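Visitor: Could you take me through this model and tell me, for each label you use, what it rests on?
Guide: Gladly; here is the structure, and your questions can follow.

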Amino acid sequence: MSKNQEAVEEHRDTEALLAVLDAADQMPNATRLRARSYELLSLVPGSTVVDVGCGAGRAAAELAERGVHAVGVDPSPWMLAAARERWPEAEFREAGAEVLPFSDKSVRGYRADKVFHVLQEPGRAVAEARRVLCPGGRIVLVGQDWDAIMIDSDDAALTRTIVHARADLLGTPRAGRQYRSLLLASGFDDVTVEVHTSVFTDPAMLSLLARLAEPVCASGAVGRDQADEWLAEQRRRAEAGRFLVAIPFFVASASAQACSLTPGWSSGTLRNKHPPDLLRGLYESVQRIG
């Protein structure tokens, strides 16, 4: 395939993905989930907040409306072109989650929504978030668990096969359930995790199921006839008003450590030393300096 053909295919895939994302983003559940992520960022007016994997830029634009300096970051030039066209007043930069275009401790808020599941090493992205966040800065990670997508179907076994086979084609399909461990391993404080289940019954989400089944079929995990019949059943369900997909979304938040202790000291040292001994040591130090 020539480079021009590859570019055309990437553009088509981006357009198809945008259609799915637009349909999902307009659902009431998705709107509430974005609002919750903004709330957990504890936004400070005028501070810089980065939306990593910003896609078409909706969250970056909504964050800017809340009075912060929002910067959308995405590795796809096609996505960024769409974002700049849709939100011409917003700021967008081309970069991946592992190498962000910000100096150390220069960002007050970090948000990544539906990003970590495509990364091979999400720990590198969390470490990069830790680097750019200022002391006390907030990080919020949002993402679905691809192994736990629930779809109403007459063929439960085939549905289970399709869901798990599609998950196995991703970099880190279970990243959502790993958020807490990833944040703790990178030294974040005040780590909390919530799970919000989004339920979709709108036929517009049929395109999501096609994006599940087609890669699985191409990988050979299910046959073409099986995939076609499964999708046909889902279309019949949509026409009869019996379509249902439920997706659990993990929402993890944490704070960058506000300060570091003096070398040789640890929080355990402070807890274990008796208060009188600690105060006496500080007093003697002051006396020596004086």
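Visitor: Why does Arg 237 count as buried?
Guide: Arg 237 has a relative accessibility of 13%, and buried means under 20% relative accessible area, exposed over 50% and partly exposed in between, with a 1.4 Å probe and protein chains only, so Arg 237 counts as buried. Please keep in mind that this is a predicted model, in which local features need pLDDT of at least 70 and side-chain atom pairs count only at pLDDT 80 or more, while totals for chains, interfaces and linings use all residues. Residues are numbered from 1 along each chain as its sequence is written, and side-chain values use heavy atoms, with hydrogens and water left out.

Visitor: What makes the meeting of Arg 237 and Glu 233 a salt bridge?
Guide: The N to O value for these two side chains is 2.7 Å, and a salt bridge is a side-chain nitrogen of Lys or Arg within 4 Å of a carboxyl oxygen of Asp or Glu, so the pair qualifies. Glu 233, at a relative accessible area of 7%, is buried.

Visitor: Why are Arg 237 and Glu 233 separated by about one helical turn?
Guide: Because they are 4 residues apart in helix H9, residues 224-239; a helix here is a DSSP run of H or I of at least four residues, a strand is a run of E of at least two, and both are numbered from the N terminus.

Visitor: Which residues are linked in a network of salt bridges?
Guide: The network links Asp 51, Arg 111, Asp 113 and Lys 114. Within it, the side chains of Lys 114 and Asp 113 meet at 3.1 Å, N to O; Lys 114 counts as partly exposed at 28%, whereas Asp 113, at 14%, counts as buried.

Visitor: How do you know that strands S4 and S5 pair?
Guide: Two strands pair if DSSP finds at least two bridges between them, and S4 (residues 107-113) and S5 have 6 bridges in the parallel sense, with Val 142 in S5 as the bridge partner of Asp 113. Val 142 also has a bridge partner in S8, namely Val 251, and S5 and S8 (residues 245-255) run antiparallel, joined by 7 bridges.

Visitor: Is Gly 143 buried or exposed?
Guide: Gly 143, which lies in S5 (residues 133-144), has a relative accessible area of 2% and is therefore buried. In S5, 10 of its 12 residues are buried.
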